[in-house]
Amino acid sequence: MICSKAPGKILLFGEHFVVKGKPALGIAVSRYAVVCIKHGKGEFFSKQIGRIDHESKDMLLFRTIIEKASERYSKKAVEIENVDVYIDSEIPLGAGMGSSAAVSVAFTHALLSYIGVDFSLSDVNEIAFEAEKRVHYRPSGVDNTLSVYGGLLYYQSGVFKRLDLKLPGNVEIVVVDTGLKRATGEVVRSVLERYDRVPVIMSKIYEAGEEIVNKALEYIKDANMIGLGELMLMNHGLLWAIGVSCKECDEIVHEMIRQGAYGGKISGAGKGGVVIGLVDSSISSKILESIRQRGFKAFIVKPDYNGVSEIRGID
Ligand code: PMV
């Protein structure tokens, strides 16, 4: 049996503004999707969602990857009926943490190892992106790129720049699931409608968003987490101004700050999904506890700088 694991992601800065050509900053985090493949009878099983029907939408992702791998290596990768696939993902679904990209990336990586072809990480990235394009509405490619390579990623107008930067070792990120599900496409549309109503005001907000990303890079280089936290709050305020915050989102940010976080903000499309807090590891458990007491699901992650990898020793 061949197994690969791939990380999820969060957006540190710039979501939504990126849709209009401004930069954004994402980071891969230590929550993983594991996908295993072995010779079998076409059974696809997810520990979280159960048996995956061959005709279902979820199956489209796996089918696309098999099809694209077959095209790329000019050989039939596998017949779906001849393999069993097992998926175990600890990344919340539909919360903006790149869960489907991580499954696509882990499956692509495991499949290419299974069929025994020579491949690079960019092969994995391109194939996984094809699957993302088939199952999501106009994905930017940021989720699969982060999941493949790990680390920090700066992206703007379809161009990705992997950054050779790290957050200080004592920094952790508290991720809070608001529990509110939303479709990214719909949230993006509502923001673009607001943009059309008040373009002059919105363009100033977007420019501020861009300046925040530039300043954030400076602070990350200087390991200035107090500064970075302040920028996160400013970014959250801008997301509020464009209409994508929510009562729970604001409550979580306030509580994290009250408990001593450097900063906090919505991560991703907003109107629910996840809220993140930048915290020192000495107080992360305390913050986690206070957020959980308010009834939210929350967990702590660290940056993942490795990206997708094979897991050995699973039978
Ligand atoms: O919630 P997510 O991680 O899917 O993020 C959406 C990010 C947006 O900027 C709102 C949309 C996009 O395509 O970049």
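## Helix packing and ligand shell

In this predicted model, helix 2 and helix 3 (residues 121-135) have axes that come within 9 Å and cross at roughly 130 degrees. Axes here are lines fitted to C-alpha atoms, for helices over the stretch in contact, with angles running from 0 to 180 degrees between N-to-C directions. Helix 2 and helix 3 are therefore oblique to each other (angles under 35 degrees count as roughly parallel, over 145 as roughly antiparallel, 65 to 115 as roughly perpendicular and the rest as oblique). Their crossing is right-handed, the near helix being turned clockwise from the far one by less than a right angle.

Helix 2 (residues 99-115) also meets helix 4 (residues 142-149): the two axes come within 8 Å and cross at roughly 50 degrees. Helix 2 is therefore oblique to helix 4. The crossing of helix 2 and helix 4 is right-handed.

Residues are numbered from 1 along each chain as its sequence is written. Local features need pLDDT of at least 70, side-chain atom pairs count only at pLDDT 80 or more, and totals for chains, interfaces and linings use all residues.

| Residue | Protein atom | Distance to a ligand oxygen |
|---|---|---|
| Lysine 9 | polar side-chain atom | 2.8 Å |
| Histidine 16 | backbone N or O atom | 2.9 Å |
| Alanine 269 | polar backbone atom | 2.9 Å |

Taken alone, the ligand exposes 380 Å², and the protein buries 84% of that (Shrake-Rupley method, 1.4 Å probe).

How values were computed:
Side-chain values use heavy atoms; hydrogens and water are left out. A polar contact is a pair of N or O atoms within 3.5 Å; within protein, one must be able to donate a hydrogen and the other to accept it, and residues adjacent in sequence count only if both atoms are side-chain atoms. Helices (H or I, at least four residues) and strands (E, at least two) are DSSP runs, numbered from the N terminus.
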